[in-house]
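Hi everyone, thanks for coming. I'd like to walk you through one structure today, so let me put it on the screen.

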2 protein chains.
Amino acid sequence: MLTGSIRPAEVLRSEWHALRPKERLRRFRQLTTEGSAELFPKLDTRSQMLLLLTLNRGERHVWLQMLPPDDIADLILHSPRDQRAELLSALDDRVRAEVEVLLTYRSDVAGGVMSPRFARLRPEHTVDEAITYLRQQAPNLESVDCAYVLDEQQHLLGAVFLQDLFCSDRTVKVSDIMHGDCAYATEAMDQEKVAQLFSDSKLHTLPVLDAERRVKGVINVDDIIDVAYEEATEDIQKIGGMEALDAPYMEVGLWQMIRKRGGWLAVLFLGEMLTATAMSHYERQIEEAVVLALFIPLVISTGGNSGSQATTLIIRSLALGEIRLKDWWRVAWREVAAGLSLGVFLGLIGFARIVIWQSVSPIYGEYYMLVALTMFASLVGVVLFGSIAGSMLPFILTLCRLDPASASAPFVATLVDVTGLIIYFTVATIILHGTLL
Amino acid sequence: MLTGSIRPAEVLRSEWHALRPKERLRRFRQLTTEGSAELFPKLDTRSQMLLLLTLNRGERHVWLQMLPPDDIADLILHSPRDQRAELLSALDDRVRAEVEVLLTYRSDVAGGVMSPRFARLRPEHTVDEAITYLRQQAPNLESVDCAYVLDEQQHLLGAVFLQDLFCSDRTVKVSDIMHGDCAYATEAMDQEKVAQLFSDSKLHTLPVLDAERRVKGVINVDDIIDVAYEEATEDIQKIGGMEALDAPYMEVGLWQMIRKRGGWLAVLFLGEMLTATAMSHYERQIEEAVVLALFIPLVISTGGNSGSQATTLIIRSLALGEIRLKDWWRVAWREVAAGLSLGVFLGLIGFARIVIWQSVSPIYGEYYMLVALTMFASLVGVVLFGSIAGSMLPFILTLCRLDPASASAPFVATLVDVTGLIIYFTVATIILHGTLL
């Protein structure tokens, strides 16, 4: 019966991420054996690993064997290097062999995410034989909703859904009902691409093939939902201008987080130092027309903001495959149009601001119209430059085989700050020549 | 047989997003009937809608009926208002009734994502009866991998997986093998929460219950992968400082994109104008010590960068449920520690920069040590303030029932720019009093 009350394991899972590590361990130990057996396989890999490390060898064996091999491999990859051999040794021989194969793959490719256990059928089986055969395999498998039809060399011939078997005549052959053209991943396929394959194919399982089209394992869609979240988190953190944390905010050590943020902050700081160098070239202009200095933050940060919008848009579109590298010039044209329009729009606001302010309190002096004009032209220039630089940088990084998400908002802002100063003072020198300068 | 060649429908799908709308239509029309019937259901909703609008009424009927009701409802929601009634009228009565029910839900809640077609069983059925009954239902359903056991009033009693039926004795009753405590969504549950429920439960289907625990429909995991991507895209675009585009970059009209970017840019511009106001208060100081102006962009943008890191981290952690509102003070403490460390780190770089530069070319004058000290103290101040403001703003927005992702990197940078100027000039006034000022 569906009961109204929620079980303690459910409650603990829903609160899990918000608890401190010590509290988690305490609450986990309070669960019944049933409760902890229910909770453990559903926890994230990091939490499983941290729990396991607090247990003795016998307990480790029990808990580890509860997980499917792909989850065990993941857990071992997330554990400290000096613990890995010991964790592996806590496994049964058969499981250890499976896990060791998975550990040869990088953890962010299809081979590293797949499970080596899947339902197999032979093409010459009848539906009746296939059902009997699947029943035998079922206890060792996560799911038999989809079985793969293999030849003797383990090459993929097709896929059969349990539903197909179930709705077909019992004497029909497997080869007659199988789907010969099912979608598949390759061992080295990036997990982000696998996620898109799932999203496109609407399948719940994908086979993973090696170069000879032999089936090495299967990927279940539930493993891939987590991938979608992980990849988005990584991109978001990079866009925010830091290294990806690779763990929940509260669980990363303070020192480790400072290092991951400090690295990029220092790089950006060194880049931003160029603004001081650029400014020192315009020291004379500032001395002659202090009014110019007043608008420096406004002008350069507006350029930074428009660059940050453009880079974020393009990074995400590249990640989703909506834009490809060769589309760069179409993007460039759009951004020129968008940058010009936005620049004129903001430029007019800036122009109006100075003219209106002057009529209230005349702080901008007799040449306020020229100052307002300088403002307008500079804003058009920096917003246009920001949009172009922000949109092209992800392409350039992709071209250099770097992650386009590194073209973070702060990175682009820094780039645009330096250029923005040059644009601003150049415009000012031209417009105010002979009057203020 | 699994063939090496890829079918034209496959090729077209893989290139779809990168093609221009006109090119898509042309290539779609070139497909065989079989090919287009294969491609159409797999396209994204927007593309399906745009294709449909180019077809006549008879064709619309054929193509629309090919989709499950939840996809039809989605498509109608994405179509222009004046076309909706006509699209609905192209449906069979039975399908139209199903779709109309779905259209009463918001599109971002469980009710709006669910399909009303699912496999049903009665608790008193034997496994043998259940199999016969499911076979009858199968042709009308997307999947019978999971069936729901209902009482006469449609209340959920439990779930039965096809795999369970398949591995059980044929005379056992459904009520004896069903899972009574299966996870479920409620009609009004946010789709982001549904996605997490899938990720946690590792199920491929979730039932959707109304307030009386009656089953109204089911959600399949493939519909939810798209949700994970959509929500991440929305958050990323907001973090980049604009309204969410709600469509691929290349497909949004130029004018619409400019409006979505221009709105936030103008808000940020108005906020950033406060920097000019703040600066005008310090005009005297700048006139007396132009050297101060040189470091304005460096100081304020460093504050902005640290704020942007903090806000991005917290927005994502809140979205993933790693942090809850009540954790704000723990976050605040961490950010004070991180902000102080990072501030001292960058402050030392800034200090060193001025001292070393001075020994090469003495442009900072006789009081360069005091200028360097001003730099150090200001950087500690702005980085600390940036980290605190950036991390707390998402909490404040959540508290005001606004989307925390609106605490975008540019928004925080603008906030920190204004405050950064005040910090910088206040520090300078104190340290340089009696010397440069």
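This is a predicted model: local features need pLDDT of at least 70, side-chain atom pairs count only at pLDDT 80 or more; totals for chains, interfaces and linings use all residues.

Let's begin with the two copies. How is chain A superposed on chain B? A rotation of 180° does it, with 0.0 Å of shift along the axis and an RMSD of 0.1 Å. That is the relation of a two-fold axis. The two copies use the same surface, since 99% of the contact residues of chain A recur in chain B.

Now for the interface itself. On each side we have 133 residues in contact, 133 of chain A with 133 of chain B. The area buried between chain A and chain B is about 12200 Å², and carbon and sulfur atoms give 64% of that. On the polar side, there are 22 residue pairs in polar contact across the interface, both residues being at pLDDT 80 or more. Which element of chain A gives the most to the side that touches chain B? It is helix 15, residues 254-281, with 18 residues.

The interface of chain A and chain B also has two salt bridges. One of them joins Arg261(A) to Glu335(B), with the closest N and O atoms 2.9 Å apart.

Let me stay with helix 15 of chain A for a moment and pick out Ala276(A), which is found there. Is Ala276(A) buried or exposed? With a relative accessibility of 3%, Ala276(A) counts as buried. Leaving aside residues up to four places away in sequence, Ala276(A) touches Leu294(B), Phe295(B) and Arg353(B). For a sense of distance along chain A, Leu206(A) is 70 residues from Ala276(A) in sequence, and their C-alpha atoms are 55 Å apart in space.

Next, the hairpin. Strand 2 of chain A, residues 146-150, runs antiparallel to strand 3 of chain A, and five bridges join them. One bridge partner to look for is Phe161(A) in strand 3, which pairs with Cys146(A). Five residues lie between the two strands, and in that turn Gln154(A) has a positive phi of about 70°. As for strand 3, residues 156-161 of chain A, five of its six residues are buried, so the strand is largely enclosed by the rest of the structure.

Because they are four residues apart in helix 16 of chain A, about one helical turn separates them. Glu288(A) is partly exposed at 40% relative accessible area, and Arg284(A) is partly exposed too, at 45%.

Compare that with Arg330(A) and Asp327(A), whose side chains meet at 3.7 Å, N to O. Here Arg330(A) is buried, with 17% relative accessible area, and Asp327(A) counts as buried at 5%.

Over in chain B, Glu152(B) and Arg122(B) form a salt bridge at 3.4 Å, N to O. This pair links distant parts of the chain, 30 residues apart: Glu152(B) sits in the loop between strand 2 and strand 3, and Arg122(B) in the loop between strand 1 and helix 10. Glu152(B) is exposed at 62%, while Arg122(B) is partly exposed at 23%.

Last one: Asp210(A), Glu212(A), Arg214(A) and Lys216(A) are linked in a network of salt bridges.

Definitions and conventions. Residues are numbered from 1 along each chain as its sequence is written. Chains are lettered from A and ligands numbered from 1 in the order in which they are written. Side-chain values use heavy atoms; hydrogens and water are left out. Buried means under 20% relative accessible area, exposed over 50%, partly exposed in between (1.4 Å probe, protein chains only). Two strands pair if DSSP finds at least two bridges between them. Copies are superposed by least squares on the C-alpha atoms of residues with pLDDT of at least 70 in both. Contact means heavy atoms within 4.5 Å. Buried area is the accessible area (1.4 Å probe) that two parts lose on being put together, summed over both. A salt bridge is a side-chain nitrogen of Lys or Arg within 4 Å of a carboxyl oxygen of Asp or Glu. A polar contact is a pair of N or O atoms within 3.5 Å; within protein, one must be able to donate a hydrogen and the other to accept it, and residues adjacent in sequence count only if both atoms are side-chain atoms.
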